[in-house]
Amino acid sequence: MYNLLVICFSSVTLFACVKSAFPPPCDSEIYCTGPILHQVQTAKLFDDDKYFVDMKLRAAPDVVLSAFHNLSSKFPNNNVPPADLREFLNEHFEKPGTEFESWTPPDWHDKPKFLGGIADEQLLKWAGEIHNLWKSLGRKIHTGVNDQPELYSQIYTPNPVVVPGGRFRELYYWDSYWVINGLLLSEMTDTALGMIQNFLYLVNRAALPVLEKEYQFWMTNRSVAVLLNGTLQVLNRYHVQADLPRPESYTDDLELAEGLTDELKEQLWMDLKAGAESGWDFTSRWFIDGDGHNNGTLKETRTSQILPVDLNALLCRNEKTLASFHRLLGDGDSAARYDQAAARRLEAVELVLWDAERGAWFDYSLVTHSRHSEFHPSNLAPVWARCYSRPEMGEQAVQYLRGSGALQYPNGVPTSLKESGQQWDYPNAWPPLQHMLIDGLSKLPSKDAQQLAFDLAQRWIKTNWLAYIKYEAMFEKYDVNGDGKPGGGGEYEVQLGFGWTNGVALQLLDQYGATLTSGGRHVSSGFLLPLVIAATLALQ
């Protein structure tokens, strides 16, 4: 228990714990491939392709497959008409969500300490309402998922969870980092611990070996050697070798690949899955057109041919963290090994990704062997990860950000400056990217960087708060152009709930609560007496 608390409740390492769960490849003949999936999805029976793959089987897979074979054999070319497909689904599947039951976290209480640090009365009330949302996002997986896993697409985990919300009704990898940080601020340590233990359950039962196993997975399956200036530099990428359409976006992927050769279709589907693996699904960041330029459309997604700044910054941070854990446990040899890995990565990041003239880090194309130049908040990920060798690099990154054009928007920093129609592009701003920027800037020594961090926090809190006032909801993303306007674009409607948005808002309210405002400045009564005393002393 001690090691788990030390390793997973540290703000430096929580991301590593959350990123440690990589499920086995999807090989179900019903949920991942096969005639049922193909015919149901291409018939467009549901508005969202995710709906079908979330449905539970009423009988064993072989029974359902046999029944479908018998049904399809009655029709020309085995193509079952939509009405018959619906009847088949009603007979053999249950509606999505039956594997979960609502669950109210028992460690929730109404007065966490961080609320006492928020001066603005409107923001204080709002923070309490965000804190209250944890109760509506709690889910517990039925034991039937563990007893009969073949009937579900859901992977069983033993502890209840807090989910993102909306169509995302299950436990999610990246989101959970910000969710758990928010839960810790809400003093819901039992719930947070349970979620961390779920990720460990998905791989193994010991925290440090799990982190090392996850690290080795990335180094074995997602690493690339780049020859630069006569030396080989090893960095990492997103890369999924599964050359079929995504089950949860099946028809989207089929339609997108129309007109391509079989080889190009398979490559596109692998790169779309790699884009989903990145969490940025989808973005012009992953586009490479026929001329090798960082342009194009979703059809030009080439995620596997790009070395991303943020992934390598995160792995750099993980290497340093693993070294520190081994030192704490008295294993000097292992600590030295990870220190050396971090040093090698730092050298590679600065040789391959750092642009000294522009003062920031940029994704690297394996097609053109050159850096991309577009703005993304991820260009400053090494500041957040503290993965740079000279202090002036952090300050150069601040000046890059100021000159990028990304700060001209009053409601957050956009995910790019390119309007592609994809959700991880302009005009959308995403909570985790705002937090990584703010957190990184706030830890730099200069007053300029720290003031910028506060300014960005104030913009983001105002955006979240205004949207909450309008819609009584928290959203997964926001539009940088509209005061309190939810984001849009991409493959599905904007989702509300929303786990990581809540977590980021609570962290910023905790960090800057004494100075953030909702607009009109109404200071809560708990702050009035100290202000009166300070003013009185100043007049004496």
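1. Start with Trp361: skipping neighbours within four places in sequence, its contacts (heavy atoms within 4.5 Å) are Val309, Val349, Leu353, Trp354, Asn379, Leu380, Pro382, Val383, Tyr388, Met393 and Ala397. Keep in mind that this is a predicted model, where local features need pLDDT of at least 70 and side-chain atom pairs count only at pLDDT 80 or more, while totals for chains, interfaces and linings use all residues. Residues are numbered from 1 along each chain as its sequence is written, and side-chain values use heavy atoms, with hydrogens and water left out.

2. Trp361 turns up again in the largest nonpolar core, where Trp126 and Trp361 touch the most other members out of 122 residues. Helix α19 (residues 447–471) supplies the largest share of this core, eleven residues. A core here is a set of buried Ala, Val, Leu, Ile, Met, Phe, Trp, Tyr and Cys residues joined through side-chain atoms within 4.5 Å; buried is under 20% relative accessible area, exposed over 50%, and partly exposed in between, with a 1.4 Å probe and protein chains only. Helices (H or I, at least four residues) and strands (E, at least two) are DSSP runs, numbered from the N terminus.

3. Another core, of 27 residues, lies apart from that one, with Tyr31, Leu71, Phe100 and Tyr250 among its members.

4. Now the holes. A cavity is a set of points on a 1 Å grid over the protein atoms alone where a 1.4 Å probe fits but cannot get out, and lining residues have an atom within 4 Å of a point.

5. Lining the largest cavity are Pro377, Ser378, Leu380, Ala381, Leu433, Met436 and Leu437. Helix α18 (residues 431–442) gives the most, three residues. By class, the lining has six nonpolar, one polar and no charged residues. Leu380 is also one of the contacts of Trp361.

6. Two cis peptide bonds to look at. Asp281 to Phe282 has omega near 10 degrees, with Phe282 in the loop between α13 (262–278) and β8 (306–307). Tyr426 to Pro427 has omega about 5 degrees, and Pro427 sits in the loop between α17 (391–403) and β13 (428–429).

7. Arg386, about 55 degrees, lies in the loop between α16 (381–385) and α17 and is partly exposed at 36%.

Notes. On a 1 Å grid over the protein atoms alone, a cavity is a set of points where a 1.4 Å probe fits but cannot get out, and a pocket is an open set with protein on both sides within 12 Å along at least five of seven lines; lining residues have an atom within 4 Å of a point. Ala, Val, Leu, Ile, Met, Phe, Trp, Tyr, Cys and Pro count as nonpolar, Asp, Glu, Lys and Arg as charged, and the others, Gly among them, as polar.
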